[in-house]
Amino acid sequence: MTPDEARSLGRAIRTARLEQGLSQLKLAVAIGVSGGQLSIWERGRVPAARGRDAYAPTIPRDQLEAIAAALDCTVTAIADRAALSATTRVLYGLEPLG
């Protein structure tokens, strides 16, 4: 996933979360991650620290499914809001391989 795709996917998650009226913490608890982790995913960027550069996070498919379920939508609905390449959509199982 490119940095631009990570930011776009994060914005899509944030928008869906706000539409449901959930705080980051409530969504994080619902999917079993820390509020900080959800914040990183929504920003689409892991901050630089301890001599390493910032980089784009990867949201595992199972976590994206948990986010979608907690937001009462589908992974496809979230992905459709984000500007994801065909390659990234295939990696998330949203497009056929062929």
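Reader: Why does Asp-72 count as exposed?

Author: In this predicted model, Asp-72 has a relative accessibility of 68%. Exposed requires over 50%, so Asp-72 counts as exposed. Asp-72 sits in the loop between H4 and helix H5 (75–81).

Reader: What is the phi of Asp-72?

Author: Phi of Asp-72 is about 55°, a positive value, although the residue is not a glycine. Most residues other than glycine have a negative phi.

Reader: Why is Arg-50 counted as exposed, and where is it found?

Author: The relative accessibility of Arg-50 is 89%. The cut-off for exposed is over 50%, so Arg-50 counts as exposed. Arg-50 lies in the loop between helix H3 (35–43) and helix H4 (61–70). Its phi, near 50°, is also positive in a residue other than glycine.

Reader: How many helices and strands does the protein chain have?

Author: The protein chain has 6 helices and 0 strands, and from the N terminus on its elements run α-α-α-α-α-α.

Reader: What percentage of the residues count as buried?

Author: Buried means under 20% relative accessible area, and 37% of the 98 residues of the protein chain count as buried.

Technical notes. Residues are numbered from 1 along each chain as its sequence is written. This is a predicted model: local features need pLDDT of at least 70, side-chain atom pairs count only at pLDDT 80 or more; totals for chains, interfaces and linings use all residues. Side-chain values use heavy atoms; hydrogens and water are left out. Helices (H or I, at least four residues) and strands (E, at least two) are DSSP runs, numbered from the N terminus. Buried means under 20% relative accessible area, exposed over 50%, partly exposed in between (1.4 Å probe, protein chains only).
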